[in-house]
Amino acid sequence: MSKIYSFTKEERLCNKRLIDELFHNGSSFLCYPFKVSWMAASQPQEFPAQVLFSVPKKRFKSAVDRNLLKRRMREAYRLNKQQYLYSSLDAREKQIVFSVGYIGKEINDYDLIHKKMLKLLTGLAELSAK
């Protein structure tokens, strides 16, 4: 298995302080069914990006549904992060932290989530390049 398609603990955003800072000081944009909040990383990290996936309990009461959506989001991210995000961040030697919140009202199939994730990653790469 190649390294580029992995999604390790270091790539997940777990630091409470960083998460608070992200939601208070970060910029955000919509790419339906996702809302993305992002900011440049304050301290150096091992990977070009750290990410947090969230699905609201308010809209999806069942944990099974929330986990399904998070799995689909993670998988779409894992398969495309290298090509669409890491390559442009590495070229500019930038590092970012971001969160992807699911704001859709229904459970979308993987194909749609995958297509939107590509759009989201290219948009994020362009924004972080500025």
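Where is the place of K105? K105 sits in the loop between β4 and α3. The legends below take this residue and several others in turn, in a model that is predicted.

**View 1. K105 in the loop between β4 and α3.**
K105 has a relative accessibility of 58%. K105 counts as exposed because the cut-off for that word is over 50%. Leaving aside residues up to four places away in sequence, K105 touches Y32, R59 and F60. Now find P33. K105 and P33 are 72 residues apart in sequence. In space, their C-alpha atoms are 8.2 Å apart.

**View 2. Strand β2 and its partner β1.**
β2 covers residues 34-40. β1 covers residues 27-31. The two strands run antiparallel, and five bridges join them. A hairpin of two residues links β1 to β2. S27 has W38 of β2 as its bridge partner. C31 is paired with F34 of β2.

**View 3. Strand β2 and its partner β4.**
β4 spans residues 96-102. Seven bridges hold a place between β2 and β4. These strands also run antiparallel. Look for M39, which stands opposite V97 in β4. β2 is mostly covered, with five of its seven residues buried.

**View 4. S37, a residue of strand β2.**
Is S37 buried or exposed? S37 is buried, because its relative accessible area is 6% and the cut-off is under 20%. L22 and F23 are among them. So are S27 and S28 among the residues touched by S37. V97, F98 and S99 complete the list for S37.

**View 5. The largest nonpolar core.**
This core has 29 residues. M73, Y77, L85, F98 and M117 have the most contacts inside it. Which elements give two or more residues to this core? They are β1, β2, β3 (49-54), α2 (63-92), β4 and α3 (110-129). Helix α2 provides the largest share, seven residues. In soluble globular proteins, nonpolar side chains tend to be buried together.

**View 6. F98 and its contacts.**
Residues up to four places away in sequence are again left out. F98 touches V36, S37 and W38, among others. Its contacts also include A49, Q50, V51 and L52. Further contacts of F98 are L13, L22, Y77, L85 and L124. A second, separate core has six residues, including L13, I19, M39 and V97.

**View 7. K81 in helix α2.**

**View 8. I4 and a nonpolar surface patch.**
I4 lies in the segment before α1 (16-25). Its relative accessible area is 37%. I4 is partly exposed, because this value falls between the 20% and 50% cut-offs. I4, Y5 and L79 make a nonpolar surface patch of about 220 Å².

Technical notes:
Residues numbered from 1 in each chain as written. Predicted model: local features only at pLDDT ≥ 70, side-chain atom pairs only at ≥ 80, totals over all residues. Heavy atoms only, no water. Helix = DSSP H or I, 4+ residues; strand = E, 2+ residues; numbered from the N terminus. Buried < 20%, exposed > 50% of the residue type's maximum accessible area, 1.4 Å probe, protein only. Contact = heavy atoms within 4.5 Å. Patch = residues over 30% accessible without salt bridge, like charges linked within 9 Å, V, L, I, M, F, W, Y side chains within 5 Å. Areas by Shrake-Rupley, 256 points an atom, 1.4 Å probe, with all protein chains shown as cover. Salt bridge = Lys/Arg side-chain N within 4 Å of Asp/Glu carboxyl O. Core = buried A, V, L, I, M, F, W, Y, C linked by side-chain atoms within 4.5 Å. Pairing = 2+ DSSP bridges.
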